[in-house]
Amino acid sequence: MAALESLYRLPLWLLLSISIIVGVNAQEPQSPAEQLSPGIQNLLPRPLIHFKLGSQGEIITSTRNRKSKQWQKVYTSDSSTTDSGADPAAPVVGVNGTTLPAYDTIVRAVSFPSTFYSPLQQPPFCLVYSFDQLIDHSNNKSGTFQQRYYFSYEFYEPGGPIFFNVPSESSLDNYDGSVTNSSLNGYLAQMNRGAAVVLEHRFFGLSNPYPDLTEDSLAFLTVDQAISDILYFAQTVKLPMPGGNKTTPTDLPWVLVGGSYPGALATWTMAKHPGIFAAAWASSAVLQAQDYFWSYFDVISQFMPRNCSADIKAVVSHLDDVFTTGTAADIIAAKASFALSSVINADDVMAAIREPLFTWQDLQPYYQDTNAGFYAFCNYLEYDRTKKAYETSGIGVGLATALPAYGNWTAYEIRVAGCTGREESCYGTHIANESLTWTNTTIDNPHRSWAWLYCNQLGWYFSGAPQGWSTITSRLTTPDSEARLCSLYFPEKFPMGVTASETHNQTAFNVEWGGWSINTTNVFFANGKKDPWRAITVSSDLNPQVSTDSRPIAVADGGFHCSDLVMQAGQADPTVGAVQTLGSAYIYQWLAEWYMTHNVTRPANATSFPVPSTLPTPTISYQAIPTNVAYGMWQENVVISTVTVATPTSISAASDAAAPTAPSGGSQVSTPARSSASSSFRVVPFRWLQLQTHAFPWLLSVGLVLVS
């Protein structure tokens, strides 16, 4: 039972992924869109490969030709299994003359030669190193803990820079792809003949100062301590390579690289501690603390298919009306139509129905499967069961068709989550309970660690849009209803009933750390137009910042969340590629300035880039949002009925038939386009997992590079 309580919080696509990884053969309920999907494998992006690059940084070929069968093997068999259809494993020779192991080989014995340029076999990318990190940077006597990291010097030449992928809000496991040139971090290392490293965040994965995640232990999990970790690591670590004891930021230039929260960490580090690091690349950097975070789904509403957004808005508006002004019978029927009859409170009901919308964040330029995830959900909504055809005009099928279809989709997800018959236990947040979801204090629980950061410093409480602005999520969900999660996770610090503004001070945080208007130099900001987290970056519609030569900002028209951190995305979308090129040129320029001022010789084989001012700066047109909306408040003290009924044995309203097989040619929803409306977002209690993995599509893609 406890296991089910933790599993129901996983997004559907991640649940399905896990079932493949562990080889579960149990029968799952049939998806309402099963006939629209060619198979489970399409729920996951194809893995990246290790690229061979030309003299100008273009991708020529891969060092290993991965086939679909090989990729599928990652999830279904032991890594030692030989695939008869695989290409022969071949060693890869680094630019410095070293020989790396084949990418499907684990090297267990590692040795370092005395002469750097002699042939040697480097350790595998997935080899985990550890570093003695201070527990409390304000007290050097507090002791140390082991902080894990990956490292590669595949492309390094003496004098080359260190590209430091700063810690992310997840376990280090499977992030070894970020030290290869399939990631931006490794690509920059290759272009500049440097080394690449990625560090695990304190209190995530196995980098823990204490053996548990109790509230007392988590007191040392703060933005300040995380940034101090970055500084102390760079200034103290002896990197595992020849000459690794002389690689501090005073010996060699260090470049910070990060996306989303790590992008913010990189930016805050540069602003608070100027002069230590040569440069930084901040992708989708979420800089603005914001309690009333309704704007997340505004971006999705702008660029999702118009017919789908029209119907979602109609369903949400209808349910909001029912729960605020409807009769008891109306409320009972509304809950039953989504298989949520036993859920007591309306805001919990409305939070529970939005899980499909979160799959927008899984999209990338190289992964926009129209038969899975977000588009499968929209396809299902947009099938007109009367006309026996898909609605493609952009108007939508209307409430009468969309409401039962949406309900059926939600009922399916509830069954997959194992919550049928126990919906209040799964989705209710008004009453403290002893579910392991909230009380599990064992280490390597990223949901709990991430919740601590959000509750104490960052906010970002997903909510319904202000009045006067259309929304694809309910206005019954507010920052205060989000703050209940803080009470469930951490009842000692946040007693039940605490409000969002009582959990932390967002204004003070933004004053201290800079927010949208942060003052930095030598930081390249990269964003994607279709990234919902763009709302709290320097490219927000609410407060777009101006790009300058000292603080360049580029926005990829076809970019999603952290797209520029994956080299494959630049190959799939030219606007992402243009951002990567411009950013690489700025990094090259800032490194040149460092070498000149520090009188250090730059590696002769570093690839040169054009002067940034000669390159175009990708940008977008921002949506105009009225001031009264942009800085509006949520509606408080709304009277919401809490009618409770027993879960019926059968729910006819949620038994809508699955849509027929989609004709060949892809999605049946209308082409995504900008709409005049905005939106907001909050998910069911498992939203803390979804928040924690807001960069997960990038992790999944990059992390699979070397898995075999």
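Strand β11 (residues 290–293) runs parallel to β14 and pairs with it over three bridges; strands here are DSSP runs of E, at least two residues long, and helices are runs of H or I of at least four residues, both numbered from the N terminus. Two strands count as paired if DSSP finds at least two bridges between them. The model is predicted, with local features requiring pLDDT of at least 70 and side-chain atom pairs pLDDT 80 or more, while totals for chains, interfaces and linings use all residues. Residues are numbered from 1 along each chain as its sequence is written, and side-chain values use heavy atoms, without hydrogens and water.

Within this pair, Q290 has G459 as its bridge partner in β14. Strand β14 (residues 459–462) is covered on both faces: G459 and Y461 are buried on one side, W460 and F462 on the other. Buried means under 20% relative accessible area, exposed over 50%, and partly exposed in between (1.4 Å probe, protein chains only).

Elsewhere, eight strands form an open sheet with mixed pairing, in the order β5-β6-β8-β7-β9-β10-β15-β16. Its edge strands, β5 (129–134) and β16 (553–556), each pair on one side only. Inside the sheet, β7 (residues 162–165) and β9 (residues 254–259) are parallel and joined by four bridges, with F163 partnered by V255 in β9.
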